[in-house]
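Dear colleague,

Please read the notes with the model open beside you.

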Amino acid sequence: MANLVRVGTGFSQEKDSKIAAELALTHALSTLGGKPPQLTLVFYSGDFDPYAISAVVKKQLGKLPFVGGSTDAVVYDDRLHTFGIAIACVSSDYLHFGVAGCDNISKNTLAKAKDTIRHAVQAIPLDHYTDAYMAFNRMKKGNITGMIRIPNFFSFVFTRGFQVVRMGNEDLIIDGMNEEVGYYIPLFGGSLGDHMEKVFNQTPYEIYAFHNGKVYRDGLVCAFACTDLLYAHSLEHGYNITNKLGAVTGVANGGFVVTDVNHQNVTDWYASQVGSSKQKFLKNILYHTQKNPVGIPDGFGHIIMRAGGVPFKNYLSYIAPFHENAPVFVMDMVSKPHIMKATKTINGDLHKQLKKHMDPCFTFVTTCSSRRLLLQDDLNKEVAMLKKHLHCPIFGFSSFGEIGSKPASPSHFHHLTINVFTLYDELLTNLR
């Protein structure tokens with residue numbers, strides 16, 4: 001191994017928030033060989049005190065940046081845990097992060113998203129000698145296609161997810177960031193949250209985001225990277241497209257409510273597509289809209305999933321908006337083993353992007369909380385399958401929605417996907 005990057009991870013299920021944060025962070029830092037992390041990722045799931053966690057991490061890291069927040073579940077090694085604190089520390093002289101964040105992202109969302117990513121870019125601590133030389137060396141080698149295919153930049157994005165009292169506005173956040181830095185800088189991350197069961201049983205919950213010692217309740221945090229290290233990314237849902245196609249012909253509440261498809265009431269249309277009476281469909285609406293969600297073609301041959309329609313008057317409400325006249329396919333889960341083949345597809349995508357087989361030194365995952373509820377214990381098998389493909393420990397969290405893309409495609413807000421970002425112990429200058 002070239003030892004260009006070191007990543008340390010830690011995990012604790014101690015009930016005391018301070019003790020758990022200290023144990024997880026100490027273990028993560030212990031494998032860095034005394035080198036400071038360029039970025040620390042902190043996620044937790046369960047009844048912890050976010051302010052206590054943030055204070056412990058801030059005390060140990062000082063001015064070093066960290067981001068993260070509350071989640072449905074955390075991914076550590078090859079399992080999902082609905083209770084615990086997971087921390088990852090990334091250290092490399094060839095990877096620099098600028099971190100920025102804001103609270104009250106539900107107001108003036110587009111402008112705040114643009115402002116946040118702009119401040120993150122401006123905060124990158126570049127070495128104008130070493131980094132300029134690395135950029136020059138990549139250009140000198142003349143691999144222009146490689147520079148276009150995998151740019152020297154990417155961004156981790158974490159935002160407050162859906163709450164009954166307010167939407168996440170993830171599409172607007174992505175639009176704002178794209179307007180500021182362009183559409184082909186990879187955005188990777190997802191929506192922070194709480195246990196998804198609380199959404200379904202209508203238990204009130206708060207969502208917390210971490211930003212360098214600050215704790216937001218309506219937050220957006222961005223860690224923008226300038227990298228000389230090789231990386232790759234992809235996502236997949238594993239569902240089948242059926243031949244059942246419709247057009248969204250009526251929306252309300254800014255697109256978050258679908259009223260009509262093909263000029264029919266949406267629940268009438270949906271029930272007929274899944275072979276159910278309207279009465280039975282409405283009694284089992286979460287089952288039907290998860291097993292047979294609707295998918296929106298993205299124009300690049302891929303599908304953006306929209307799952308979990310929730311009754312709203314006589315219509316269906318979603319946590320991300322639809323646009324009138326948008327085409328939608330009815331998707332089919334088929335079976336658990338079938339959708340778990342998503343990891344094999346992702347592995348193939350990564351190899352195509354790199355144009356060779358490589359094992360990463362760090363794999364960061366956001367997997368949909370709806371996927372956790374559908375697969376249940378089998379989701380641990382899916383994470384283990386991904387680890388088997390990549391020969392690398394898996395770290396991440398279960399999200400209220402995934403921000404990511406297929407390789408060389410624009411980033412979107414997705415549901416029901418497993419979303420993967422991999423970092424390699426090799427320089428971009430070696431990319432073919």
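Which helix gives the most to the lining of the largest cavity? Helix 8 does, with three residues, where helices (H or I, at least four residues) and strands (E, at least two) are DSSP runs numbered from the N terminus.

Before the details, please note that this is a predicted model, in which local features need pLDDT of at least 70 and side-chain atom pairs count only at pLDDT 80 or more, while totals for chains, interfaces and linings use all residues. Residues are numbered from 1 along each chain as its sequence is written, and side-chain values use heavy atoms, with hydrogens and water left out.

Cavities

The whole structure holds two cavities of 30 Å³ or more, a cavity being a set of points on a 1 Å grid over the protein atoms alone where a 1.4 Å probe fits but cannot get out, with lining residues having an atom within 4 Å of a point. Volume here is the space filled by probe spheres set on the points, which are joined across faces, edges and corners. The largest cavity has a volume of about 70 Å³, and its lining includes W269, Y270 and F322; strand 15 and helix 8 (266-273) are the elements that give two or more residues to it. That lining has eleven nonpolar, no polar and no charged residues (Ala, Val, Leu, Ile, Met, Phe, Trp, Tyr, Cys and Pro count as nonpolar, Asp, Glu, Lys and Arg as charged, and the others, Gly among them, as polar).

The second largest cavity, of about 40 Å³, is lined by residues including F97, F154 and F362.

Aromatic rings

There are 31 aromatic pairs, counted for rings of Phe, Tyr and Trp (its six-membered ring) with centres within 6.5 Å, and called stacked when the planes are under 30 degrees apart, edge-to-face over 60 and tilted for the rest. F154 and Y231 form a tilted pair, 4.9 Å centre to centre with 55° between the planes, and this pair links strand 8 (residues 153-160) to strand 13 (residues 229-236), 77 residues apart. Both F154 and Y231 are buried (under 20% relative accessible area with a 1.4 Å probe, protein chains only; exposed is over 50%, and partly exposed lies in between).

Backbone

N108 has a positive phi of about 55° although it is not a glycine, and at 59% relative accessibility N108 is exposed.

With best regards

Terms used:
On a 1 Å grid over the protein atoms alone, a cavity is a set of points where a 1.4 Å probe fits but cannot get out, and a pocket is an open set with protein on both sides within 12 Å along at least five of seven lines; lining residues have an atom within 4 Å of a point.
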